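The report below follows the pairings and contacts step by step.

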Amino acid sequence: MGLLKVGTPLSWKDSLEHCNYIRQHGILQFINTYNRLKFIENDRLLYGDEIEYALLKLDAKDKKVRLSLRGSEVMQLLREKEAPEVKESCSWHQEYGSWMLEGTPSRPYTAFTASLVNVELNMRLRRGRLRAVLAEDEIAPTMVTFPLMGVGDFVSPACVPGGDYSKSAFVPDACINPHPRFGTLTANIRERRGSKVDIRVPLFKDEETPEFADTNDAGDEPQIHMDCMAFGMGNCCLQVTFQASDMDESRYMYDQLAVLAPIMMALTASTPILKGRLASTDARWSTISQSVDDRTPAERGEGYFEPSPFMAGQGTRLQSKSRYDSISSFIHWSSWTQGFNDVPCEIDEDLKKLMIENHVDEHMAHHMAHLFTRDPLVCFEGHIELDDEASTDHFESIQSTNWQTVRWKPPPVPSGQCAPHIGWRTEFRSMEVQLTDFENAAFTAFVVLVTRAILVFDLSLLTPLSKVDENMRRAHQRDAATRNKFWFRKQIVPDNTEDFCDATKPPSRDDAFEEMTMNEIMNGKSNYYPGLLPLCYAYLDHIHCDGHSFKRIDQYLKLIGKRSTGELLTPATWMRKFVCEHKDYKRDSTVPNSVAFDLVVACDEIGLGKRACPDILGDVRIDPIVAEGIYKTPLDREKLGDAQRRHILQTIMSRAALCDGPDSAPSGASLRRQASPRSRSMSPAYGPSTPPGSRKRSETITEATSREILEFTLEVKSAQRPMEAKSGLGY
């Protein structure tokens, strides 16, 4: 969630005098990074995912669910339990909401097919570890949004709405992460804008929805109204970041993935409920976009704003999009030659000129000059004048608050001499978090495979940005994955690939794009477009994917294929169906407490593997996530004290035979040993005359005791033999 610094953040009023300085020096920091590292090459593929979680508190007696504002506390517990030297570990990070946290693998995945399967294992590990530190009445389902956000008494501990940061009529400032950056970010967006954010989402029309009773065809469509950043930045998502071989490849993947962003958002749609109402949309993006829209009335084209010399564009330059939106410019040189940058892209001409004069290529300079038409939203006291050769903080303060569907990420400044090398990266940001780790891993693996197929087969998905933006609009709509068509490129293979397409009807450049169904985009159309899923299979065949990995990857790809045909539902469609079929739902587009309670419990149980969900998963069964094994057990070498050693040995000797297991009834030899006079004299039930383990080393073992020990040992070995034979193990 952006750049976190330790220090005192400045209010918007106190930040204003520093805005132009930070923008100027942010670009200088980028220039230094660009020129120092632009020739890095041959980096290996590394990638990682990010999943955001929401903590919920259940009141089973009254069937109510609330946000549990323990995110920071739970994150600290998780961090304390992590062992950084263990490969299969997790990292935990702060998020905007005080009920949220973010989980990532502690180390990136590598460029092997087995890593595509390991993604799911690490996601399951995160879910298990998070579950282990929650209270008995807490759950953490992977849902995009809390269904009762902003409705009544919806937080624990209880708080009244509003506060100095958000001034919301519905949400208390206690919902904002206590790190000072987040409250200041909320307030500064509101103050720069000149008003509270104004979020409007179409309301779902049902049989008894009261808002539609007095409307006619000419009336405005009823909407769900929200008024603060938490309604958007409180949403959870799935993001994937890739390290490219070099800068050129990272920019090429940025352009290609930008085209896929609306497609993947529609396939992962999971947001049918906002502020306790059923929405007429299925995806989160527009809600978040409106929740952080810091544009002044003049920048939105809606009114007058007094020009300010301290603000970017004096606060009056028209900005066609929120700073959380789809991209406005491709950045690879080959994309510019085809005229696909056909949407407004406001830039700072002076900053672009500065970059070009300092050897940044025009296409990248244009992209950065566009991002830097925005002001920094959080400045820290005493952290303004920095060494532009050694720091990128000013660059990141603006780069990280341009939340677009894809983000291009230059290498960071190393944190120390032993810090790992990090190259040029591309972050894919549009996907919605899914209910299960199987789904989240499936979509992560799919995006990874698509990027590999694009590179290996020299494919191009490039589509004019005007059509990408139209796809983004369509992707929000209800059941978009099955009802809508999306603009897509007809011929994605190189022009010189002969006999692949129908030679009699090759697509012309004037007719290079058409509207396709999701099924056609994923599975192919006619004889000129192969489909993304067949290309993934072709790539796996090309690299000779091992059978073990392929078995699971095949399940991932089949899930996506079935969802694209409508055979399997998106989470949004399933949730809407769950609500509409619930006995307490009144057909009025309102989600009652009892329905919200049952919904979040069902989502949690599906994610934990406690409840089957064939509507979403088909015949895939999720293995239950259990507490055992979520942390590795070290082979300890610390010596025990006398008392500890005696207690452990006594416990072992009083247990059943090893072959029976620790919770079974004692074996015959064990029973005879416990029934012997010596055992009775040492048993607490008979009042031991000699403390256990107090026998001197020189004390002689009696013949009877020796016989018992020999008998016990032989019985254990004889019981082990059939087990060894069965398992193929031996000594």
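Strands β1 and β5 are joined by four bridges and run antiparallel. M100 of β5 is the bridge partner of A54. The model is a predicted one: local features need pLDDT of at least 70, side-chain atom pairs count only at pLDDT 80 or more, and totals for chains, interfaces and linings use all residues. Residues are numbered from 1 along each chain as its sequence is written, and side-chain values use heavy atoms, with hydrogens and water left out. Helices (H or I, at least four residues) and strands (E, at least two) are DSSP runs, numbered from the N terminus. Two strands pair if DSSP finds at least two bridges between them.

Strand β5 (residues 100-105) also pairs with β4, antiparallel, over four bridges. Here E102 of β5 is the bridge partner of H93. β4 and β5 make a hairpin, with six residues between them. Six of the six residues of β5 are buried; buried means under 20% relative accessible area, exposed over 50%, and partly exposed in between (1.4 Å probe, protein chains only). Both faces are covered. M100, E102 and T104 lie on one side, and L101, G103 and P105 on the other.

These strands belong to an open sheet of six, with antiparallel pairing and the order β4-β5-β1-β10-β16-β15. β4 (90-93) and β15 (406-409) each have a single partner strand, so one side of each has no neighbour in the sheet. From one strand to the next the twist averages 20 degrees.

Further along the order, β10 (residues 238-243) and β16 (residues 425-428) run antiparallel and share four bridges. V240 stands opposite F428 in β16. R429 sits in the loop between β16 and α14. Is R429 buried or exposed? R429 is buried, with a relative accessible area of 5%. Its contacts (heavy atoms within 4.5 Å), leaving aside neighbours within four places in sequence, are Q239, R284, W285, Y324, W403, Q404, T405, V406 and R407.

Helix α14 (residues 437-456) lies across β1 (46-54), β10 and β16. It runs at about 30 degrees to β10. Axes are lines fitted to C-alpha atoms, for helices over the stretch in contact, and angles run from 0 to 180 degrees between N-to-C directions.

Two packed helices are described by the angle between their axes and the distance between the axes. Two such pairs are listed here.

| Helix pair | Axes come within | Crossing angle |
|---|---|---|
| α4 (residues 113-133) and α14 | 9 Å | roughly 145 degrees |
| α11 (residues 349-357) and α12 (residues 362-371) | 9 Å | roughly 145 degrees |

The crossing of α4 and α14 is right-handed. A crossing is left-handed if the near helix is turned anticlockwise from the far one by less than a right angle, and right-handed if clockwise. From α4, the contact takes in L116, V119, E120, M123, R124 and R127. From α14 come D437, F438, N440, A441, T444, A445, V448 and L449. Eight of these contact residues are nonpolar, two polar and four charged. Ala, Val, Leu, Ile, Met, Phe, Trp, Tyr, Cys and Pro count as nonpolar, Asp, Glu, Lys and Arg as charged, and the others, Gly among them, as polar.

α11 also passes α12 in a right-handed crossing. K352, M355 and I356 of α11 meet E362, A365, H366, M368 and A369 of α12. This contact divides into five nonpolar, one polar and two charged residues.

Helix α18 (residues 532-542) has L532, L533, L535, C536, Y539 and L540 buried. These residues cover an arc of only 160 degrees around the axis, which puts them on the same side of α18. The arc is that of the directions from the helix axis to the C-beta atoms. Their cover includes α7 (247-267), α14, β17 (485-489), α17 (518-523) and α19 (547-565). H544 follows α18 and has a positive phi, near 60 degrees.

Strand β2 (residues 56-59) alternates. β2 pairs with β3 (residues 64-68), antiparallel, over four bridges. K57 stands opposite R66 in β3. Their hairpin has four residues between the strands, and K63 takes a positive phi near 55 degrees. β2 also pairs with β6 (residues 138-139), antiparallel, over two bridges. There, L56 stands opposite I139.
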